[in-house]
Amino acid sequence: MENTLKRFTVNGGFFGRYQQLAKDTIIPHQEKAIKDELAGAEKSHAVENFRHAAEVIKTGKCSGEFYGMVFQDSDVAKWLEAAAYSLALFPDSELEKRCDEVIDLIAEAQHDDGYLNTYFTVKAPEKRWTNLAEAHELYCAGHMMEAAVAYAQCTGKTKLLDIMERMTAHIYKRFVTDGAEGYPGHPEIELALMRMYKCTGDKKHLELAGHFINVRGVNPHYFGEECKKRDWQVWGLDCGDTEYAQNNAPVRELEKATGHSVRAVYLYAGMADYAAVTGDESLVKACETLWCNIVQKRMYVTGAIGSAYEGEAFTADYHLPNDTAYAETCASIGLIFFARKMLDLQKRGEYADIMERALYNCVLAGMELDGTKFFYVNPLEVLPGISGMTKTHWHAKPERPSWFVCACCPPNVARLLTSIGEYAWSLEEKEDVIYSHLFINGELDGKIAVETNFPFDGKVTYKFKQAVNQMLAIRLPFWSENTQISCEYEAKDGYAYIKGAFAEGDVITVDFDMSVKRIYADSNVSANNGKVAFSRGALIYCAEGVDNGGEILNLAVKKNGAVSIEDNNLKAEGFRLKNNGDLYSFNSPEAEPCTIKLVPYYTWGNRGLNQMRVWIPEN
């Protein structure tokens with residue numbers, strides 16, 4: 001097994017801080033949470049569920065009960081995956097020992113036939129595989145497969161991989177050998193099986209991934225038919241809503257991103273990965289169509305997706321409300337997965353542009369700067385007293401809690417931050433090209449050192465510590481109108497191609513244009529008509545009440561007014577409108593000149609309860 005995770009080592013800088021934070025704070029904090037040791041937080045019971053399941057396997061009885069969401073197993077899987085990446089970065093015998101103990105417990109919870117799922121082992125053993133629409137058996141299996149691959153690659157230990165090989169064999173037998181109808185209610189296993197295939201070389205993993213992709217939506221009524229056959233439910237999902245579950249048509253016929261946004265982009269990521277390996281052009285075309293629909297008509301300026309609380313879902317083209325946005329952290333992470341797999345299909349800068357936007361804005365905003373509190377929902381406008389309070393806005397919390405009953409997002413952030421090197425580079429040895437997608441301090445294969453203060457500064461330096469005989473392709477971000485590179489290059493599809501060979505001691509310097517940009521939405525986005533947002537480099541900015549006298553609803557940006565940069569924040573010329581005191585008035589409000597301070601969106605909500613807004617009226 002090739003360990004690609006160790007090929008790029010982050011050294012200091014912006015993400016160096018985050019990876020150190022993951023080691024010191026995020027992973028220990030989340031370990032306490034899944035072990036019910038986090039004071040004042042929502043109970044998880046995720047590890048305890050495995051203990052109960054192991055008891056059932058050993059004795060046939062259980063002294064406790066299953067607790068939590070039907071997919072609670074996945075919290076343990078994602079934590080293990082994040083811990084594995086951290087162990088590759090920062091070897092820690094004590095953490096590794098605790099991970100091994102959890103894996104031992106998982107092994108004890110596995111049935112003789114390979115089946116592994118604590119909900120069904122403890123709570124409903126007679127009902128397994130009867131509710132694919134709601135019960136997340138394949139989803140949980142997928143996340144544990146990803147953890148297994150990561151742990152094997154990072155530690156060399158294959159016990160969890162062996163466990164999931166047995167679970168994969170169990171699933172293969174049921175759905176391929178025995179021909180049972182069905183596909184995942186919550187896609188995830190598709191991309192996980194692709195990771196299993198690449199790790200082990202076992203073509204059954206590839207075949208099973210292809211099976212779930214190819215049968216999805218062929219019978220769009222499957223979940224409804226399944227529902228009629230059983231007398232139980234998890235949460236009363238409308239199994240007739242085929243768009244919600246992305247099974248309204250075979251995947252190659254899908255034209256719009258619909259339904260639950262996390263499920264959608266997990267599915268699309270699996271599709272793109274399968275297409276890259278098999279060369280399936282019809283699947284490539286479908287992925288391109290779905291990608292364009294998302295980024296051109298259904299994505300927030302922060303890289304967030306999913307407009308509605310109802311179904312955590314995509315809604316309609318251009319429907320992007322700010323204050324009721326769902327914009328789940330996991331959905332942006334899934335969009336990053338999709339973008340990364342599209343880069344494997346086609347080296348086009350637009351994929352890395354979106355990957356960067358989602359990462360630096362929505363995903364990072366999903367976690368408090370100290371790594372101990374998290375947002376599930378990432379709105380673009382927050383008003384205390386309304387946000388998190390009223391029935392229509394209760395999901396859009398104005399402050400981050402330390403954990404959730406449904407805690408899918410925190411460990412998802414952890415596993416992404418600890419594996420960020422996988423997204424920064426592509427090493428295409430067959431093409432004899434090294435691609436630099438994200439600009440992160442670090443060292444690639446001991447050969448190329450990257451030095452930068454990005455995202456706050458646009459200078460990126462590539463220093464060759466050894467001779468490199470491959471071409472270097474550096475992304476040309478869409479936000480940089482005047483990029484300066486210290487050597488000759490050929491621009492193609494959003495990348496600057498620089499011919500090797502490079503000698504030891506060679507240096508390439510890139511200076512990106514970091515000027516402040518005003519962003520205007522398509523007029524079809526009704527929520528943003530007459531408003532402007534600000535960006536600088538990869539970062540989107542927002543106004544918070546704490547910097548602007550407590551009140552931001554009465555602020556307006558001056559059209560063509562000056563904007564300055566101060567300590568990585570922005571100051572824009574604007575006006576403060578003085579209310580007349582009446583709910584409605586015939587008199588235009590008075591406007592007083594003022595300076596509006598804006599901070600990077602990912603930093604908002606770290607200084608107490610206050611208002612926040614990304615899109616600001618422009619007068």
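A nonpolar core is a set of buried Ala, Val, Leu, Ile, Met, Phe, Trp, Tyr and Cys residues joined through side-chain atoms within 4.5 Å. Buried means under 20% relative accessible area, computed with a 1.4 Å probe on protein chains only, with exposed set at over 50% and partly exposed in between. The model is predicted: local features need pLDDT of at least 70 and side-chain atom pairs count only at pLDDT 80 or more, while totals for chains, interfaces and linings use all residues. Residues are numbered from 1 along each chain as its sequence is written, and side-chain values use heavy atoms, leaving out hydrogens and water.

**Nonpolar cores**

- The largest nonpolar core has 199 residues, and the members touching the most others are Ile 171, Ile 294 and Tyr 462.
- Helix 6 (residues 137-155) gives the most to this core, at 13 residues; helices (H or I, at least four residues) and strands (E, at least two) are DSSP runs, numbered from the N terminus.
- A second, separate core holds 22 residues, including Ala 327, Phe 375, Val 382 and Val 525.
- Leaving aside residues up to four places away in sequence, Tyr 462 touches a set that includes Trp 425, Phe 439, Leu 472, Asp 506 and Ile 508; contact means heavy atoms within 4.5 Å.

**Cysteines**

- The structure holds 0 disulfides, a disulfide being a pair of cysteine sulfur atoms within 2.5 Å.
- The cysteine sulfur closest to that of Cys 199 belongs to Cys 154 and is 10 Å away, too far for a bond.
- Cys 287 is likewise in no disulfide, and its nearest cysteine sulfur, in Cys 292, is 11 Å away.
- Cys 199 counts as buried at 9% relative accessibility, and Cys 287 counts as buried at 0%.

**Backbone geometry**

- Most residues other than glycine have a negative phi, and most peptide bonds are trans.
- The peptide bond from Phe 454 to Pro 455 is cis, with omega near 15 degrees; Pro 455 sits in the loop between strand 6 (448-452) and strand 7 (459-464).
- Gly 500 and Ala 501 are joined by a cis peptide bond with omega about 10 degrees, and Ala 501 lies in the loop between strand 11 (495-498) and strand 12 (507-511).
- His 45 has a positive phi, near 65 degrees, and is placed in the loop between helix 1 (13-34) and helix 2 (46-59); His 45 is buried, with a relative accessible area of 11%.
- His 136 also has a positive phi, of about 60 degrees, and lies in the loop between helix 5 (118-123) and helix 6; His 136 is buried at 4% relative accessible area.
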